[in-house]
Amino acid sequence: MANRYQAPKGTFDVLPVEAVARERVERTARELLEGAGYGRIETPIFEDTELFARGVGASTDIVRKEMFSFDDLGGRSVTLRPEGTAPIARAYLEHGMQKLPQPVKLWHLGPYFRHERPQAGRFRQFNQLGAEAIGSASPLVDAELIVLLDELLRSLEVPALRLRLGSLGSPAARGPYREELAAYLRQHADELAKDVRERIDENPLRAFDSKDEGTRAVMAQAPTMLEQLDSEDAEHLAAVRQLLDEAGIAYELDGTLVRGLDYYTRTVFAFECERLGAQSEVGGGGRYDRLLDELDGPPTPAAGWAVGVERILLALGERDENSPRDVFVAAADGQRERAFALVTQLRHAGLRAELDLADRGMKGQMRQADRLGAARAVILDVDGGAQLRDMSSGEQREIELARVVEALTGP
Ligand code: HAM
């Protein structure tokens with residue numbers, strides 16, 4: 001029978017055997033990003049609702065129907081963060097980071113919340129790992145970010161990756177294009193899904209994201225922004241492409257890539273993994289040169305990306321793992337206090353050490369040492385002597401208690 005209390009729909013518990021793979025993702029990202037000069041930033045789990053309405057865009061699915069928003073006890077509307085870029089842009093402005101050498105390079109990891117229909121790879125609480133470089137318009141930034149994300153996914157051995165690259169141009173150039181696209185959509189209104197039809201005026205680009213078959217057929221013939229970039233936007237894209245080519249990174253140029261957030265300008269990109277099925281995007285991002293402006297800051301160009309940690313783990317097909325123990329201290333009757341003291345000493349020496357906490361007999365303790373995957377066991381005998389056992393070979397020898405730490409930490 002199912003338990004009465006279960007984790008809410010679309011959420012999950014991370015059990016210790018599942019934490020090992022997550023820690024590997026975090027460690028790999030930290031080493032890579034800090035090596036490239038990105039410093040870690042953490043922002044609150046909730047923010048004023050208006051930050052996302054302004055930052056992410058009122059016409060996006062996220063703001064229209066996926067936010068966990070509620071009034072706090074003071075009657076202010078707050079929202080569990082659905083994404084990290086608007087909060088980080090807020091923090092950049094709030095802490096006067098314009099005064100630091102530019103660009104300011106930040107990385108982040110933590111939970112996000114979207115009220116989406118749960119399915120494989122799509123949750124209501126999930127974790128994103130991301131990088132943002134705020135304060136430079138150089139195409140070197142776009143390329144550096146893409147190269148780092150490529151390297152991260154490669155060093156984690158995420159298989160079957162495809163990189164899509166596009167450009168949405170700058171807002172000034174996008175105005176006439178939006179009109180043209182809207183006119184095209186109106187011509188084909190009968191063939192479009194209802195929600196796409198309703199948003200033709202508000203946000204025609206969203207139509208590229210639709211999963212509806214009729215809409216997709218219309219969009220396959222639609223004019224794209226990529227075909228009509230102005231000369232500066234086209235130059236920016238050409239420079240990014242050249243840097244990626246020189247770095248040996250393969251990509252597909254794709255004018256239909258629009259992404260689900262309104263703040264993007266110029267470069268957009270997404271890494272997809274065939275293994276993931278319908279939710280195939282592992283991560284993505286782009287340039288957001290207007291976001292800080294939109295949040296009442298000075299015009300500040302910026303770019304970044306985020307990957308879904310759970311999507312990475314799904315793509316890897318990670319299995320459960322125990323974190324290995326170095327040593328288990330087993331104690332005969334009357335020797336528990338000595339075992340306790342020895343374990344503390346071993347831990348101080350930097351070893352992962354454990355002892356029996358459930359009153360098992362000697363046989364049970366050895367079975368426990370085995371189950372935990374301990375490499376070695378120290379057995380404290382009734383008469384005060386001690387044995388050192390190699391758990392894989394079963395070899396066992398007597399050892400002086402005073403020499404145990406040295407024997408286990410030595411070469
Ligand atoms: P996003 O594409 O909305 O971008 O999310 C980034 C990644 O988070 C996705 O590629 C996906 O792997 C993961 N993700 C999104 N929603 C879910 C979900 N419901 N369940 C599981 N995983 C999910 C952003 O959020 C931007 N802030 C990225 C960015 C950073 N752009 C510039 N800087």
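**Close-up 1. The buried residues of helix 1 in the predicted model.** In this predicted model, helix 1 has Val20, Ala21, Arg22, Val25, Thr28, Ala29, Leu32 and Leu33 as buried residues. An α-helix has 3.6 residues a turn, so residues three or four places apart point the same way.

Close-up 2. Running over residues 16–35, helix 1 contains 20 residues, and the distance from its first C-alpha to its last is 28 Å, close to the 28 Å expected at 1.5 Å a residue. After helix 1 comes Gly37, a residue whose phi is positive, near 90 degrees.

**Close-up 3. The aromatic pair of Phe12 and Phe123.** A search of the whole structure gives 4 aromatic pairs, and one of them is formed by Phe12 and Phe123, whose rings are edge-to-face at 5.0 Å centre to centre, with 70 degrees between the planes. Because Phe12 lies in the segment before helix 1 while Phe123 lies in the loop between strand 5 and strand 6, the pair ties together parts that are 111 residues apart in sequence. Phe12 itself is partly exposed, its relative accessible area being 29%.

Close-up 4. Through ring pairs, Tyr263, Tyr264 and Tyr288 are linked into a cluster.

**Close-up 5. The second largest pocket and its lining.** The volume of the second largest pocket is about 430 Å³, and its lining is made up of 24 residues, with Arg174, Arg178, Asp262, Tyr263 and Tyr264 lying nearest the centre. Sorted by class, this lining has 9 charged, 9 nonpolar and 6 polar residues. Helix 2 (49–55), helix 6 (171–187) and helix 10 (291–294) each supply at least two residues of the lining, and the largest share, 4 residues, comes from helix 6. Tyr263 and Tyr264, which are among the residues nearest the centre of this pocket, also belong to the cluster that ring pairs form with Tyr288.

Conventions
Residues are numbered from 1 along each chain as its sequence is written. This is a predicted model: local features need pLDDT of at least 70, side-chain atom pairs count only at pLDDT 80 or more; totals for chains, interfaces and linings use all residues. Side-chain values use heavy atoms; hydrogens and water are left out. On a 1 Å grid over the protein atoms alone, a cavity is a set of points where a 1.4 Å probe fits but cannot get out, and a pocket is an open set with protein on both sides within 12 Å along at least five of seven lines; lining residues have an atom within 4 Å of a point. Grid points are joined across faces, edges and corners, and a volume is the space filled by probe spheres set on the points. Ala, Val, Leu, Ile, Met, Phe, Trp, Tyr, Cys and Pro count as nonpolar, Asp, Glu, Lys and Arg as charged, and the others, Gly among them, as polar. The expected span of a helix is 1.5 Å times one less than its number of residues. Buried means under 20% relative accessible area, exposed over 50%, partly exposed in between (1.4 Å probe, protein chains only). Rings of Phe, Tyr and Trp (its six-membered ring) pair if their centres lie within 6.5 Å; planes under 30 degrees apart count as stacked, over 60 as edge-to-face and the rest as tilted.
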